[in-house]
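Have the viewer open as you read.

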Amino acid sequence: MNQQMNQQMEKTKLKTKNANKCAAAGMCGGCTYINGSYEKQLTEKEQYVRTQLKGICPVNPIIGMKNPYHYRNKVTATFSYKKGEIFSGIYEEKSHSVVPVDSCLLEDQTADQIICDIRGLLKSFKITIYSERTRYGLLRHVMIRRGFTTGEVLVILVVTSPVFPSKNNFVKALLKMHPEITSVVLNVNDRMTSMVLGDRNIVLYGKGYIEDVLCNNRFRISAQSFYQINPVQTQKLYEKAVELANLTGEEIAIDAYCGIGTIGMTAASKAKTVLGIELNALAVKDAIANARANHVTNIHFLQGDAGEQMTQMAEEGSHADVVFMDPPRSGSSEAFMDSVAVLNPKRIVYVSCNPQTLARDLKYLAKKGYHTKQATPVDMFPWTKAEHVETVCLLEKGKK
Ligand code: SAH
């Protein structure tokens, strides 16, 4: 048999295996690439980025995941009734009907098992399920967050009222089944909203948050904290971003759109100082606490719109040597990019979660004298859409 036929047979085997992999495939809509091989998916995602960045810069091979399953460290389940029985699952794409899911290819397996076991406890504890239609019922969602490096597990019970029947016994029963759980929190969400979490947290067990280690720093992650959901690939992404910045220890660096400060803290040991800029006040609070806990003393944070903060810094005559920017899917603003040019860094490292807005912004930055030298796609969300591929780019000031 020739090599080509052999490869074809291997591909067919993989395809059949994938098609049988998930009972909810076709209903939940999450896994666009479920029917193909992972290799083919990576090729298509890389090609998608090449197409978007055509004429802008060369694109390096995509960084894929060694074991592209069960990478989600945060899992949210919703509950519903079918013929009087409670089932759990996830919302169908762009809808509010619940697709039954007991185990998901993308989700952490411990988290999935805990959710199934919580579902099993509900009846005997007489816990009712919240209905969006009638607005009656107690339990809206269960969210699980697991620190992949520390093994810590946080269970968040999202409820409409803080009065949870026999809560101590419920926690006891849960811990008996899952001694790996390190914390249980009641999150009260009594609003008519599609947001999963409410504002109020009541700690039922443990410290109320988990910790996880990423690029040698330890991060505190509570119910509401933003934290990348695929820590294995995030590590590769941040390492690449810091490598591209080519830091020598002398630089003034900016980490714009910094969230809880993960990129900036990874870069801090290699730079003179780092300034993080972030809109979300809670994330800034976490960022400050994280820097303190990790004894990173050369990083500071500004809370506010990145465009406004940078404009102000440009007006004050500030300078930066390197700018990291990791904006949301909508991309950056012209005000931000105009000010970056005034701050006159040698290098910009752009981390993007949307190749389309990335292409738009890279073209704008080129007009400001910053040319993109290279781009590396990173598959942060295996099996999901190519539009969700993350890309890290290096831009340098000067001639093309
Ligand atoms: N760099 C972080 C977060 C990236 S997500 C990480 O890798 O974890 C994008 C971040 O941009 C979010 O934290 C969001 O709150 C923030 N953000 C959105 N709009 C912003 C704006 N106009 N100014 C500053 N930050 C903004």
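Which of the 16 residues around the ligand come nearest? Keep in mind that this is a predicted model. The nearest ones are Tyr238, Glu278, Asp305, Ala306 and Asp326. As for the make-up of the whole shell around the ligand, eight of its residues are nonpolar, five are polar and three are charged.

Now for the polar side chains that reach the ligand. Asp305, one of the nearest residues, has a polar side-chain atom 2.7 Å from a ligand nitrogen. Asp326 also has a polar side-chain atom by a ligand nitrogen, at 2.8 Å. How much of the ligand does the protein cover? On its own the ligand has 570 Å² of accessible area, and the protein covers 83% of that.

On to the helices. Here are two pairs side by side:

| Helix pair | Axis distance | Angle |
|---|---|---|
| helix 8 (residues 306-315) and helix 9 (residues 334-343) | 8 Å apart | about 30° |
| helix 3 (residues 109-122) and helix 4 (residues 167-177) | within 11 Å | roughly 140° |

Why call helix 8 and helix 9 roughly parallel? Their angle is about 30°, and angles under 35 degrees count as roughly parallel, so helix 8 gets that label relative to helix 9. Their crossing is left-handed.

Helix 3 and helix 4 cross at roughly 140°, and they are therefore oblique to each other. Helix 3 makes a right-handed crossing as it passes helix 4.

Terms used:
Residues are numbered from 1 along each chain as its sequence is written. This is a predicted model: local features need pLDDT of at least 70, side-chain atom pairs count only at pLDDT 80 or more; totals for chains, interfaces and linings use all residues. Side-chain values use heavy atoms; hydrogens and water are left out. A residue is near a molecule or strand if one of its heavy atoms lies within 4 Å of it. A polar contact is a pair of N or O atoms within 3.5 Å; within protein, one must be able to donate a hydrogen and the other to accept it, and residues adjacent in sequence count only if both atoms are side-chain atoms. Accessible areas come from the Shrake-Rupley method with a 1.4 Å probe; for residues, only the protein chains shown count as cover. Ala, Val, Leu, Ile, Met, Phe, Trp, Tyr, Cys and Pro count as nonpolar, Asp, Glu, Lys and Arg as charged, and the others, Gly among them, as polar. Axes are lines fitted to C-alpha atoms, for helices over the stretch in contact, and angles run from 0 to 180 degrees between N-to-C directions. Helices (H or I, at least four residues) and strands (E, at least two) are DSSP runs, numbered from the N terminus. Angles under 35 degrees count as roughly parallel, over 145 as roughly antiparallel, 65 to 115 as roughly perpendicular and the rest as oblique. A crossing is left-handed if the near helix is turned anticlockwise from the far one by less than a right angle, and right-handed if clockwise.
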